[in-house]
Each structure stands twice: as C-alpha cells, then as structure tokens.
Amino acid sequence: MKALRLSPDQIHEGSLILVNRDYGCMEPSPSHPFTRVAPVLLKRRAAVLFTGLMDAVGGWGKIVPVSGYRTLAEQTNIWNHSLSEHGKAFTSAYVAFPGHSEHQTGLAVDLGVKKEHIDFLCPDFPDSGICRAFRRRAPEYGFIERYPSGREKVTGIGHEPWHFRYVGTPHGEIMEKEGLTLEEYILFLRGFPRGKRSYLFAAGGRQIAVSWLEARPDEATLLTVDDRLPYSVSGDNVNGFIITEWRDTYVS
C-alpha cells in the first residue's frame, strides 16, 4: 500500500478538471509537458490517445486539428476579436471567457473536415462519414464531445460538434454509457465516496473502480492506494479528487 499526500493545489490538475463559466483554470504546470499534433499542442497523454484514435479511424488527411492549447493571451485575443466581429450573444455562446477556456488546459481540441477554407471558431464537423466514425470511437480513447446539443443550459456553451475534450479512460466510456456531460459526471461521482462505495466498470476484461474523495481546503488530503496495481488521481477543479483503480480481477 502507498500513502499519498495531495496538496490543495492538486484539485486543479488532472484530466478530469471541470473548466467552465463557474470554474476557471490555472496555467498548465511545466511538469505536464505538451506534444505537438499536426499544427496544435496537447498535453502529452491527450496527444498520445488522440493520435491512436486518428489512426484507428483513418482520420489523417481527412480531419484537421484546428485548435488545441491556447495561452491566456491567445484566448483573450479570440474573445475580443469575436466580440468585435460577431457581438456579445454569439461570443458568449461559442467562445469561453479568458481564464475559463478548456483550450487553456491543453486537454481540448477543435476539429474540422479538411478543406480549403476552415472556419476557426466554428469548423465543419458533421455527424456523418469520417467525423461520425471519430465521434463514435472517441470515448474508447478517453475523448468526449464536450458541448452536445440539448445540454446548453448544463454546459453554458452552445452546441459545438467540433470540440472534443480528453477526460481519460475509462471516463469517456462511462460518460457515454450514463449520458452525462462533464458537469453532470463530476456531480455523479459524489455518489461514490472513497472508502464507502465505488462505481465499477468493466473494460478490457478488467474491473475498474472509480471513487471521489473530498479535498481538505487548507491542508494535504491523505489517500491510500494499492500501488501494486495501476491507478490514477485527478483533481476535479471544484473541491475533490477522482480516483481510478484498475483491479486485478478479470471479468468476461
């Protein structure tokens, strides 16, 4: 067994951090390097899984990564330009306020069909052909369509079929199975408090347990894990940690 001390700042780090109008993001830590994928930058793990997904669906040469990681300055410029070009209503619906954009985490990517002219803010990514193939297999590789149609009141952003967010495995598949946005998933996991009950999910013949641990606001949060087996810990950017453990139990 291994004892971990999770600092209060660590709730703002990890693949499951919630970034929206209510919860802003910190600048990425240098300890979490970026990788270039075509013209964009993504966090290294997100880039690896994105590359695997594109390979799996044969997306190279047909799908173009339009936007990945952005600095605060870049997001501010996009916000201001959209305000001047499209007005407040459009900008509020389709552009995240600076400091509250998933693109600033390095975990989000906007995609478009490859063609001569691509709209940077709203690239064409229909639910057909290669784009449908990408969308259907995305959860398997830890990606979700972040702003689905009909969930605008939950996410605070208009329908963006081109915007995909890396949340990691098996969380993409769980969210797909349960029909949850990231906002709803963070709340859903509160029902699986660490040490009391876990959400169990089977993938690749292995049982995976997911639980939530409330963070201590002004001191380290203690967590004990079985380090003989794979595990991951992500902050939720709200007030807790999400623990994912791959158990040494195989299911058919």
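View 1. The model shown here, as in every view below, is predicted. The protein contains seven helices and 12 strands; its radius of gyration is 18 Å, close to the 18 Å that the globule rule gives for 252 residues, so the protein is as compact as a globular protein of that length. The C-alpha trace spans about 55 × 45 × 35 Å along its principal axes.

**View 2. Burial and accessible surface.** Of the 252 residues of the protein, 46% count as buried, where buried means under 20% relative accessible area. The accessible surface of the protein amounts to about 12300 Å², and 51% of this surface belongs to carbon and sulfur atoms.

**View 3. The open sheet β4-β5-β7-β6.** Four strands, in the order β4-β5-β7-β6, make up an open sheet in which the pairing is antiparallel. At the edges stand β4 (63–67) and β6 (143–147), and each has a single partner strand, so one side of each is left without a neighbour in the sheet. Between neighbouring strands of this sheet the turn is 45 degrees on average, with direction ignored.

**View 4. Strand β5 and its pairing with β4.** Strand β5 is mostly covered, since five of its six residues are buried. Four bridges link β4 and β5, which pair in the antiparallel sense, and within this pairing serine 67 stands opposite aspartate 110 in β5.

**View 5. Strand β5 and its pairing with β7.** Strand β5 (residues 108–113) and strand β7 (residues 160–166) run antiparallel and are joined by three bridges. Alanine 108 stands opposite arginine 165 in β7, while valine 109 has phenylalanine 164 of β7 as its bridge partner. In general, the strands of a sheet pair through backbone hydrogen bonds, and such pairing may be either parallel or antiparallel.

Note on methods:
Residues numbered from 1 in each chain as written. Predicted model: local features only at pLDDT ≥ 70, side-chain atom pairs only at ≥ 80, totals over all residues. Heavy atoms only, no water. Pairing = 2+ DSSP bridges. Helix = DSSP H or I, 4+ residues; strand = E, 2+ residues; numbered from the N terminus. Axes fitted to C-alpha atoms, helices over the stretch in contact; angles between N-to-C directions. Rg over C-alpha atoms; globule rule 2.2 N^0.38 Å. Buried < 20%, exposed > 50% of the residue type's maximum accessible area, 1.4 Å probe, protein only. Areas by Shrake-Rupley, 256 points an atom, 1.4 Å probe, with all protein chains shown as cover.
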